[in-house]
Amino acid sequence: MKKALVLEGGSLRSMFSAGVLDVFLEQGIDFNGAFGTSAGSLTLISFIAGQAGRTKRVNLNFAQEKDYVGYYTFLKNHSVFNFNYMFKEISDILIPLDREKFENSPCDFTATTTSCQTGKTVYHNKHTSSNIYKAIEAGSSMPILSPIINIDGEPYLDGGITDAAPYQKALDEGYDKIVLVLTREHGFLKSMPSPMLARLYAKHYSQYPQFFHALMNTSRMYERQMREIDRLEYEKRIFVIRPEKPVNVSRMERDTTKLLHLYEEGRQNAEKNLENLAQYFANK
């Protein structure tokens with residue numbers, strides 16, 4: 001039986017996912033493969049490295065630091081998240097990521113990005129990507145608020161633009177059991193870009209018309225995926241864990257009390273679902 005773990009993004013709302021995954025680590029629940037979109041990928045690398053509590057520590061320790069997230073780093077680095085700081089100083093020195101364990105883990109890993117050239121989803125596997133950390137950065141880079149990231153000469157941005165939760169990729173790769181962790185409550189839908197934002201997108205990405213089209217279609221894509229997730233969950237083909245109530249944490253949340261509360265909500269949700277999850281794994 002092949003088991004996959006799939007994570008939606010959501011920037012700092014991924015603290016919910018971090019709580020869920022820490023319970024999985026503590027309970028010895030492992031997976032053959034993991035698929036992440038945007039911040040979901042960032043959360044997964046600590047899970048695959050077996051570092052319970054690492055994502056929680058990083059976000060709580062640095063959410064209020066101007067060099068980590070916010071408009072200071074946007075003005076300084078042209079990105080609201082300082083990925084250079086995240087992947088170097090934090091991951092190598094301050095709260096080290098066990099890169100060797102992540103890279104050599106038997107758990108496969110795939111990060112989701114969107115091609116600026118084609119406006120289509122591109123998946124980056126840790127075994128075949130020329131730079132999986134750069135792929136994670138690209139897949140977590142929000143339009144307008146982050147620069148385009150080039151990998152092997154190709155431009156990429158946020159994977160959530162075209163694939164908010166890559167459960168279909170896991171199905172296509174033949175996984176039998178899929179656990180999907182979402183960061184929004186049931187029934188949440190994304191809004192269409194406002195006319196002003198649409199004009200900004202059109203101007204900013206004028207040389208990438210297919211990417212602009214994908215941006216304008218994101219809310220419809222998300223709605224289709226949420227309907228499909230409901231169907232797959234009803235058919236017991238996937239197991240879904242999501243917040244039970246609306247999440248009041250923003251993408252660039254700096255209130256550590258809110259972040260900790262969301263983390264604890266994720267833990268509680270996972271603990272409550274342990275018995276049902278075991279049953280899902282046991283059923284053929």
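Modeller: The model is a predicted one. In it, Gly50 follows α2, and the phi of Gly50 is positive, near 75 degrees. The helix itself, α2, spans residues 39–48 and is mostly covered, with 10 of its 10 residues buried. Among these buried residues are Ala39, Gly40 and Ser41, and the list runs on to Phe47 and Ile48.

Rolling a probe the size of a water molecule over the atoms shows where empty space is left.

The largest pocket has a volume of about 740 Å³. Its lining comprises 29 residues, and those closest to the centre are Asp158, Lys190, Tyr201, Thr218 and Arg251. The largest share, 4 residues, comes from α10. By residue class, the lining of the largest pocket divides into 13 nonpolar, 10 polar and 6 charged.

The second largest pocket has a volume of about 270 Å³. It is lined by 18 residues, and Phe83, Asn84, Phe87, Lys134 and Glu137 lie nearest its centre. Here α5 (83–94) and α7 (132–139) each supply at least two lining residues, and α5 gives the most, with 5 residues. The lining of the second largest pocket divides into 6 nonpolar, 7 polar and 5 charged residues.

Methods:
Residues numbered from 1 in each chain as written. Predicted model: local features only at pLDDT ≥ 70, side-chain atom pairs only at ≥ 80, totals over all residues. Heavy atoms only, no water. Buried < 20%, exposed > 50% of the residue type's maximum accessible area, 1.4 Å probe, protein only. 1 Å grid on protein atoms, 1.4 Å probe; cavity = no way out; pocket = protein on both sides within 12 Å on 5 of 7 lines; lining within 4 Å. Points joined across faces, edges and corners; volume = space filled by probe spheres on them. Nonpolar A, V, L, I, M, F, W, Y, C, P; charged D, E, K, R; others polar.
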